[in-house]
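Please look through the sequence and the 3D structure below before reading on.

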Amino acid sequence: MIPTAAAQAKQGPSMLRDRLQDPALLREACYIDGTWVGPPSFSVNNPATGMELAKVPQLSADGCTRAVEAAERAFLTWAKHTAKQRSNILRKWYELIVANREDLALILTSEQGKPLSEALGEVDIGGAYVEFFAEEARRIYGETIPSPRPDARLLAIKQPIGVCGAITPWNFPNSMITRKVSPALAAGCTVVLKPASETPLSALALVALAEKAGVPKGVFNVITGDSRSIGKVFCEHPAVRFVGFTGSTEVGKILYRQASVGVKKLGLELGGNAPFVVFDDADIEAAVEGAMVSKYRNMGQTCVCANRIYAQAGIYDEFVRKLSKKVAAMKIGDGTEQGVVQGPLINMEAVDKIERHIADAVERGAKVVTGGKRHALGRSFFEPTVLADVRPDSLVSQEETFGPLAPVIHFKDEADVIAMCNASPFGLASYFYSRDLGRVWRVAEALESGMVGVNTGLITTEVAPFGGVKESGLGREGSRHGMEEYVEIKYVMMAGL
Ligand code: NAP
């Protein structure tokens, strides 16, 4: 049985290792050129207990350069593997992820805080990306082009782009990694990954499994440490041809500027501010369920979280009443405890931000229907909150809250709500509930976002293109489109035939 975080805290930090079925998955070293590199330096803590789980190295520019050069050497041979050889190795990695899903989930919950059931779900979709791209490795097709000259034949071939730098956030410490690394490896690229400092242990466990699966040395390197200097090496080292980043729009813009010097190709999965709209003709029960999963999954810390909820006049009161009832019943605690559906927020800055958003909305006339304050458990635990009568110009409807706060805003009609939804520099995900087929098409097409959920609050899957428009980013991850980021098209004309 998996122990609770509270039990681990009582027994001391080394207990996480002791509780893993495979203790070798808890690593305190970086992985460069097929070698585990130390020394451990900074602490990784459990947000539910504050206890130290492990220490990992603090590398900076030199360590990153070493990893990039290892990836550069490895690229020469990895790119020459056949698609089937790469596919087989990825498939083996996938099988190891599945076989170790409980350990991976326990590591994830311990360092990130989300409930264990959600961590298991994340490990499953993390594995699903690897499985999907293991399959896609064999389908990187080029094209032949009808020639304008009788003596020539034209074709376009796809080749791996080269060494890729990847930087990932703390909110999905497993799946954000496999979503980048598996298409890169499938295409024949090599990777240096820097995970978030709060959650490096999931990344180190994943690379330990990749090593076991037979990923050759230098092909997949993981480094922990100083994000600024590592990001600079990714953007400036001539061997790096692609920088893939998931995280805040603020850091994405820094990388965009830095990457212009070496004209690197970039993939940016950035912040969101998702609207969630409930029309009068919606199935209210379904809309409440959708709002629960979209808003409160991962304690509201997903980039595709419903951030501002718009409810039409005819159903407004009923929707708020039903949503609040469910929210008030949620069990809060450490993520490894039975029945817990809300863990702690990642840190105290996250608590400060949600408090700022609540205070601003209330000052403008909003009512706290449920929650609204720090939880009695202390630390970064926060009561899941519903606010009613929120004004559309409140801070909460302009900034990503990244916490368990549902602000419900009134709207009059379709045109009014579409205008409010699109009045944002972000455009990652949008959701709406309606049973009118004409409206479904009109609204889905009018919303300025990379993804739209119609009558659902959960849209992420490995088979669909994930990504945003406007300041939410560039490029797509997942699906066959996710592979395109990691290949270059080379046009070849064969003349004199
Ligand atoms: P963050 O502060 O931008 O950090 C993300 C990553 O960037 C971390 O690994 C961080 O390293 C690194 N980093 C920070 N400053 C850097 C710099 N100057 N140069 C290079 N790397 C740097 O974001 P976060 O707080 O971890 O994640 C939350 C954000 O991610 C939210 O805005 C969310 O919407 C977004 N997100 C987007 C998606 C998507 O697919 N669009 C998915 C998930 C999350 P350290 O941890 O070492 O500082």
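Which element supplies the largest share of the shell around the ligand? The model shown here is predicted, and in it the answer is α9, with 3 residues. This helix covers residues 227-236. Other elements take part as well: α7 (175-187), β10 (240-246) and α10 (249-259), like α9, each give at least two residues to the shell.

The shell as a whole is made up of 30 residues. Thr168, Ser197, Ser248, Leu270 and Glu400 are the closest of them to the ligand. Sorted by class, the shell holds 14 nonpolar, 10 polar and 6 charged residues.

Some of the contacts can be followed atom by atom. Ser197, already named among the closest residues, has a polar side-chain atom 2.5 Å from an oxygen atom of the ligand. For Ser227, a polar side-chain atom lies 3.5 Å from a ligand oxygen atom. Gly247 takes part through its backbone: an N or O atom there lies 3.3 Å from an oxygen atom of the ligand. On its own the ligand has 910 Å² of accessible area, and the protein covers 87% of this. The space that the ligand takes up is the largest pocket.

Now step back to the whole chain. The protein chain contains 16 helices and 22 strands. Its C-alpha trace spans about 75 × 65 × 40 Å along the principal axes. How does the radius of gyration of the protein chain agree with that of a compact globule, and what is its value? The chain has 497 residues, so a compact globule would have a radius of gyration near 23 Å; the value for the chain is 23 Å, which agrees.

Two details of the backbone remain. As background, most peptide bonds are trans, and most residues other than glycine have a negative phi. The peptide bond from Gly38 to Pro39 is cis, with omega near -5 degrees. Pro39 belongs to the loop that runs between β2 (35-37) and β3 (42-45). The other detail concerns Asn298, a residue other than glycine whose phi is positive, near 55 degrees. Asn298 also sits in a loop, the one between α11 (284-296) and β13 (306-312).

Methods: Residues numbered from 1 in each chain as written. Predicted model: local features only at pLDDT ≥ 70, side-chain atom pairs only at ≥ 80, totals over all residues. Heavy atoms only, no water. Near = heavy atom within 4 Å. Polar contact = N/O pair within 3.5 Å; in protein donor to acceptor, adjacent residues only side chain to side chain. Areas by Shrake-Rupley, 256 points an atom, 1.4 Å probe, with all protein chains shown as cover. 1 Å grid on protein atoms, 1.4 Å probe; cavity = no way out; pocket = protein on both sides within 12 Å on 5 of 7 lines; lining within 4 Å. Sits in = over half its atoms within 2 Å of the grid points. Helix = DSSP H or I, 4+ residues; strand = E, 2+ residues; numbered from the N terminus. Nonpolar A, V, L, I, M, F, W, Y, C, P; charged D, E, K, R; others polar. Rg over C-alpha atoms; globule rule 2.2 N^0.38 Å.
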